[in-house]
Amino acid sequence: MTEQQKKKLSKFLSYILRHHPDAIGLKLDDNGWANVNDLLSTPNMRFSMEDLEEVVATNDKKRFSFNADKTKIRANQGHSLKTVDLELKAQTPPKFLYHGTVAKFIPEIRLNGLIKMSRQHVHLSKDRDTAVKVGSRRGNPIILSIRALDMHNSGKDFFISDNGVWLTDHIPAEFIDFT
Ligand code: HQG
């Protein structure tokens with residue numbers, strides 16, 4: 001596959017496995033897994049098992065995983081589907097985590113903290129460079145430092161996805177360093 005074909009398939013899989021399996025009549029199980037054979041018989045989308053394997057293995061953010069015998073595939077994070085339970089285990093975060101956003105959202109974030117919007121969680125990065133990439137999707141990035149360990153110690157759960165994205169339910173403004 002060319003890089004362009006891989007990107008197209010990754011975007012398609014993100015859309016289907018995180019948000020709209022119904023768009024192609026696919027069923028996800030309670031933990032977000034789709035049957036690979038069902039996915040391969042998607043009408044009007046021509047891709048093979050080898051293409052899926054290549055995207056799972058080489059995807060820049062490791063967005064997708066197979067189960068052990070490669071009969072099932074799921075997205076590692078980013079779901080808006082409320083019914084998917086990734087069975088993430090709560091983990092102790094580092095002292096700081098980072099969130100990349102843009103200036104127009106800052107007044108709202110100061111008031112209400114970071115909100116998960118349409119997704120299941122607020123997404124956080126373990127380093128600034130990754131947060132810069134996340135924020136750059138929307139424009140000139142602004143990087144917020146999150147006092148994650150303090151927040152954890154105040155009783156809030158943090159999770160880490162299989163591809164290393166830190167997740168939590170909500171970040172109150174008091175734990176955000178805006179400077
Ligand atoms: C903002 C990509 C106003 C928040 C990335 C963000 C990530 C608020 C946007 C993953 C707000 C939500 C997720 C508030 C938060 N008022 N705006 N109170 N609280 N926001 O896409 O973190 O490529 O749902 O700053 O790499 O940007 O898809 O979240 O700008 O890991 O694999 O509301 O998506 O991964 O946007 O990105 P998103 P995100 P993939």
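The bridge partner of I160 is W166, a residue of β9. Strand β9 covers residues 166–168 and pairs with β8 in the antiparallel sense, over two bridges. Strands count as paired if DSSP finds at least two bridges between them.

The model is predicted, so local features need pLDDT of at least 70 and side-chain atom pairs count only at pLDDT 80 or more, while totals for chains, interfaces and linings use all residues. Residues are numbered from 1 along each chain as its sequence is written, and side-chain values use heavy atoms, with hydrogens and water left out.

Strands β6, β9 and β8 form an open sheet in that order, with antiparallel pairing. Its edge strands are β6 (122–124) and β8, each of which pairs on one side only.

## The sheet of β4, β7 and β11

A second open sheet has three strands in the order β4-β7-β11, and the pairing is again antiparallel. Here β4 and β11 (176–177) are the edge strands, each pairing on one side only. Strand β4 and strand β7 (residues 142–147) run antiparallel and are joined by six bridges. At one of the positions in this pairing, F96 stands opposite R147 of β7. Strands of a sheet pair through backbone hydrogen bonds, either parallel or antiparallel.

Strand β4 spans residues 96–101, and five of its six residues are buried, so the strand is largely enclosed by the rest of the structure. Buried means under 20% relative accessible area, exposed over 50%, and partly exposed in between, with a 1.4 Å probe and protein chains only. Helix α5 (residues 128–136) lies across β4 and β7 and runs at about 20° to β4. For such angles, axes are lines fitted to C-alpha atoms, for helices over the stretch in contact, and the angle between N-to-C directions runs from 0 to 180 degrees.

## The loop between α3 and β2

N59 lies in the loop between α3 (49–58) and β2 (64–66). The residue is buried, with a relative accessible area of 7%. Its side chain reaches the backbone nitrogen of R63 at 3.0 Å. Not counting residues up to four places away in sequence, N59 touches S10, E54 and F64; contact means heavy atoms within 4.5 Å.

R63 belongs to the loop between α3 and β2. R63 is buried, at 16% relative accessible area. With neighbours within four places in sequence left aside, R63 is in contact with S10, S14, R18, R74, A75, N76 and N163.

## L9 in helix α1

L9 is part of helix α1, which covers residues 3–19. L9 is buried, and its relative accessible area is 3%. The residues it touches, apart from those up to four places away in sequence, are M1, M45, F47, D51, L52 and V55. L52 is 43 residues from L9 in sequence, yet the two C-alpha atoms are 8.2 Å apart.

K27 sits in the loop between α1 and β1 (34–35). K27 counts as exposed, at 69% relative accessibility. Beyond its neighbours within four places in sequence, K27 is in contact with W33 and A34. K27 and D38 are eleven residues apart along the chain, and 8.8 Å separates their C-alpha atoms.

S154 is found in the loop between α6 (148–153) and β8 (159–160). The residue is partly exposed, with a relative accessible area of 43%. A polar atom of the S154 side chain lies 2.7 Å from the backbone oxygen of M151.

Elsewhere, the charged end of R110 sits over the ring of F178, 4.5 Å from the ring's centre. A charge is taken to sit over a ring if NZ of Lys or CZ of Arg is within 6 Å of the ring centre and within 35 degrees of the ring normal.

Notes: Helices (H or I, at least four residues) and strands (E, at least two) are DSSP runs, numbered from the N terminus. A polar contact is a pair of N or O atoms within 3.5 Å; within protein, one must be able to donate a hydrogen and the other to accept it, and residues adjacent in sequence count only if both atoms are side-chain atoms.
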